[in-house]
Amino acid sequence: MHNILGVIGWSGSGKTTLLETLVRQLAADGLRINVVKHSHHDVMLEPPHKDSARLRMAGAAQVMIASPFRVAVIRELRGEPEPTLAEQLALLGQADLTLVEGYKWEAIPKLEVQRPSLGHPSLYPNDPHIVAVASDAPPPDDLPDNLAWLDLNDPASVLAWLKARINPAPA
């Protein structure tokens with residue numbers, strides 16, 4: 001099983017910004033980090049006039065674009081169901097950590113990114129898989145004992161928590 005952590009929260013809460021900071025620092029520390037980003041929207045990966053898009057639109061089931069700098073595989077679902085998170089994870093290479101943005105319904109450990117000023121309810125009271133909350137507000141008085149409360153405005157503290165989770169201290 002992958003070392004995996006979901007990052008969930010309401011739109012505009014800062015999930016991608018936090019992930020960008022975490023990935024940058026973890027990669028700089030020599031860790032191999034994979035990211036799965038779920039989108040509810042149709043994703044445009046290349047301009048329609050490019051060869052890869054033209055071949056995909058012509059009916060190719062999958063198109064691989066390969067260069068000395070990166071490789072991308074684009075698979076058209078053409079009415080097939082969206083692959084599960086487990087199916088997506090199986091396509092990824094080995095990593096020290098896989099961060100998953102979205103897939104909030106999955107039964108994986110999760111970090112909730114929370115900004116109460118957005119006016120949305122917290123997700124952690126209704127999701128037993130949330131192991132930590134990164135918030136710009138102080139923790140509530142009734143915070144469960146098994147839930148870490150992290151300062152969203154202090155990414156270094158979130159990074160320290162994540163590193164401890166990846167490499168727990170020996171008992």
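Tutor: Let us begin with strand pairing: two strands pair if DSSP finds at least two bridges between them. Helices (H or I, at least four residues) and strands (E, at least two) are themselves DSSP runs, numbered from the N terminus. This is a predicted model, in which local features need pLDDT of at least 70 and side-chain atom pairs count only at pLDDT 80 or more, while totals for chains, interfaces and linings use all residues. Residues are numbered from 1 along each chain as its sequence is written, and side-chain values use heavy atoms, with hydrogens and water left out.

Student: In β6, which residue is the bridge partner of Ile-8?

Tutor: The partner of Ile-8 in β6 is Glu-112. Strand β1 and strand β6 (residues 110-114) are paired in the parallel sense over 3 bridges. Strand β1 also pairs with β5 (residues 97-101), again in the parallel sense, over 4 bridges; there Leu-5 has Leu-99 as its bridge partner.

Student: How many residues of strand β1 are buried?

Tutor: Buried means under 20% relative accessible area and exposed over 50%, with partly exposed in between (1.4 Å probe, protein chains only). In β1 (residues 4-8), 5 of the 5 residues are buried, so the strand is largely enclosed by the rest of the structure. In a regular strand the side chains alternate between the two faces of the sheet. Here both faces are covered, with Ile-4, Gly-6 and Ile-8 buried on one side and Leu-5 and Val-7 on the other.

Student: Is Asn-34 buried or exposed?

Tutor: Asn-34 belongs to strand β2 (residues 33-37) and counts as buried, at 12% relative accessibility. Contact means heavy atoms within 4.5 Å. Leaving aside neighbours within four places in sequence, the residues in contact with Asn-34 include Leu-92, Gln-94 and Leu-99.

Student: Which residues of helix α2 are buried, and which are exposed?

Tutor: In α2 (residues 51-58), Ser-52, Ala-53 and Arg-56 are buried. Seen down the helix axis, these buried residues fall within an arc of 95° (taken from the directions from the axis to the C-beta atoms), so they line one face of α2. Their cover includes β3 (62-66) and β4 (71-75). Asp-51, Arg-54, Leu-55 and Ala-58 are exposed on the other side of the helix. Just after α2, Gly-59 takes a positive phi of about 130°.

Student: How many salt bridges does the count come to?

Tutor: A salt bridge is a side-chain nitrogen of Lys or Arg within 4 Å of a carboxyl oxygen of Asp or Glu. By this rule the count comes to 8. One of them joins the side chains of Arg-24 and Glu-20, at 3.3 Å from N to O. Arg-24 and Glu-20 are 4 residues apart in helix α1 (residues 15-28), separated by about one helical turn. Arg-24 is exposed at 53% relative accessibility, whereas Glu-20 is partly exposed at 45%.

Student: Where do Lys-110 and Asp-127 lie?

Tutor: Lys-110 forms a salt bridge with Asp-127, and their closest N and O atoms are 2.7 Å apart. The pair links distant parts of the chain, 17 residues apart: Lys-110 is in strand β6, and Asp-127 is in the loop between β6 and β7 (130-135). Lys-110 is buried, with a relative accessible area of 1%, and Asp-127 also counts as buried, at 12%.
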